[in-house]
Amino acid sequence: MEIYTVRPGDNVDRIAARFGVPVEALLYDNQLSRPYPLAVGQALLIPSGTPDPLRPKIVAGGYAYPYIRREVLEETLPWLSDLYVFSYRFSEQGDLLPPEADDRFMTELALQQNVRPILTLTPFNADGSFDSSLIHALLSSPAAQERLIGQLADALRQKGFWGVDIDFEYVYARDREAYPAFVAKVRRAVRAVNENYRVSVALSAKTSASQKGLLYEGLDYRALGEAADSALLMTYEWGYAYGPPMAIAPINEVRRVVEYALTEIPAHRLDLGIPNYGYDWPLPFRQGETKATAVTLQYAVQLAIENDAAIRFDEASMSPHFRYRKNGTEHEVWFEDVRSLREKFSLLAEYDLRGAGYWQIMRLFFPNWILLSDTFRPEKG
């Protein structure tokens, strides 16, 4: 598909006429709402013909909480291969703790759409934070592991899940060897339920084996890649809520992570993480004080329109951004659009990766799915 960047004086009718496409198709593919205002610098997909039937297949996954709106899930599932239900926790004793909201409708809808529902396991404590000590307690207790793995197997049998995704972040360095051993145990148990079921791991974005920091030292990419069936590179959050304004997933940094990961894990086992959100930072930024607000990709553009801000595109990070002023405060917004997404899809093709995993799919950004399906064929079943 062609991508067009809005210029001063453009409107929907003029753009549609320029490219000889129906206005309705332009509106639909770009998820535009009445009265169809546009921001200078906004990126639009230009509808094209039927996608190439020989385009490569990928696995397309998306994370969602059980409070996702049913209609959003129904509209997104046709584009997915895997639905990651976020998330199941566990106690120090190894008891599996399901989400507070009922998630059965998610597995039921996924299976109806020939999408694999996946149970996501996280070491969250009661306040919703990753708990390194909880990971350590589990990895130090064979009894707790046996109990948890048994309950995971029961959940797969009873709730229709087709696999387990293990998202352990901030793993202590001393648990570096125990963590892959646990993943391997889960994999054996999952296979015992059904030989077609799979186990994946989510990996913080490293660029070297010796990278320092709690987020990285406990992750042995090679060992985890061997223990699991696939691994998701969490290639986002360079720009994050408590950090300075910058691209969420700068393509130059994402590439560094992919190139390192490929030295440890085969391409056919690697998924690229893709963010479905942006951040709005109030300025000036003060470390330890400033907190950005997460925004949807549609709302980011709406902010630019409402505040008459021109969207710029950073060529180094290949990411859109803009500034606006409201109530006396200047703001800086970084987000994703079809241009930045196209760059990530190019990495998928260049390195022949297994697929992509979206954090998260709670809000529908339809142009992404149109572009993805024009580039790849999402695997089903």
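Two residues are taken to be in contact when heavy atoms of one lie within 4.5 Å of heavy atoms of the other. In the predicted model described here, Gly41 is, by this criterion and leaving aside its neighbours within four places in sequence, in contact with Thr5, Val6, Ile311 and Arg339. Gly41 belongs to the loop between helix H2 (23-29) and strand E2 (43-46). Its relative accessibility is 6%, and Gly41 therefore counts as buried, the cut-off being under 20% relative accessible area. Asp167 stands 126 residues from Gly41 along the chain, and the C-alpha atoms of the two are separated by 36 Å.

The overall dimensions of the model were examined next. A compact globule of 381 residues would have a radius of gyration near 21 Å, and the protein, with 21 Å, agrees with this expectation. Along the principal axes, the C-alpha atoms fill a box of roughly 65 × 50 × 40 Å. The secondary structure comprises twelve helices and 17 strands. Of the 381 residues, 56% are buried. The accessible surface amounts to about 16500 Å², and carbon and sulfur atoms account for 48% of that area. Among contacts between residues at least 6 apart in sequence, 72% join residues at least 24 apart.

Two helices illustrate the packing. In helix H9 (residues 251-261), the buried residues are Ile251, Val254, Val257, Val258, Tyr260 and Ala261. These buried residues pack against helix H8 (221-227), strand E9 (230-234), strand E10 (270-275) and helix H11 (338-350). In helix H10 (residues 297-306), the buried set consists of Leu297, Ala300, Val301, Leu303, Ala304 and Ile305. The partners of the buried residues of H10 are strands, namely E11 (278-282), E12 (293-295), E14 (319-326) and E15 (329-334). Just after H10, Asp308 adopts a positive phi of about 55°.

Further backbone features concern phi values and peptide bonds. Most residues other than glycine have a negative phi, and most peptide bonds are trans. Gln31, however, has a positive phi near 55° and is placed in the loop between H2 and E2. The loop between H2 and E2 also holds Pro35, and the peptide bond from Arg34 to Pro35 is cis, with omega near 5°. A cis peptide bond is likewise found from Phe86 to Ser87, with omega near -5°; Ser87 is part of strand E4 (residues 82-90). Glu237 has a positive phi near 80° and lies in the loop between E9 and H9. With a relative accessible area of 32%, Glu237 is classed as partly exposed.

The largest pocket holds about 1600 Å³ of space. Its lining comprises 49 residues, and those nearest the centre are Tyr65, Phe124, Phe130, Glu237 and Trp359. Two or more lining residues are given by each of E4, strand E8 (198-204), E9, H9 and E12. By class, the lining of the largest pocket has 30 nonpolar, ten polar and nine charged residues.

The second largest pocket has a volume of about 320 Å³. It is lined by 24 residues, with Asn30, Gln31, Leu32, Gln42 and Val301 nearest its centre. E2, H10 and H11 each contribute at least two residues to the lining of the second largest pocket, and the largest share, five residues, comes from H10. Rolling a probe the size of a water molecule over the atoms shows where empty space is left. Across the whole structure, three cavities of 30 Å³ or more are found. The largest cavity has a volume of about 60 Å³. Its lining is formed by Thr76, Pro275, Asn276, Leu297, Leu341, Tyr358, Ile361, Arg363, Phe365, Asn368 and Trp369. Among these, Leu297 is also one of the buried residues of H10. The lining of the largest cavity divides into seven nonpolar residues, three polar residues and one charged residue.

Notes
Residues numbered from 1 in each chain as written. Predicted model: local features only at pLDDT ≥ 70, side-chain atom pairs only at ≥ 80, totals over all residues. Heavy atoms only, no water. 1 Å grid on protein atoms, 1.4 Å probe; cavity = no way out; pocket = protein on both sides within 12 Å on 5 of 7 lines; lining within 4 Å. Points joined across faces, edges and corners; volume = space filled by probe spheres on them. Nonpolar A, V, L, I, M, F, W, Y, C, P; charged D, E, K, R; others polar. Buried < 20%, exposed > 50% of the residue type's maximum accessible area, 1.4 Å probe, protein only. Helix = DSSP H or I, 4+ residues; strand = E, 2+ residues; numbered from the N terminus. Rg over C-alpha atoms; globule rule 2.2 N^0.38 Å. Areas by Shrake-Rupley, 256 points an atom, 1.4 Å probe, with all protein chains shown as cover.
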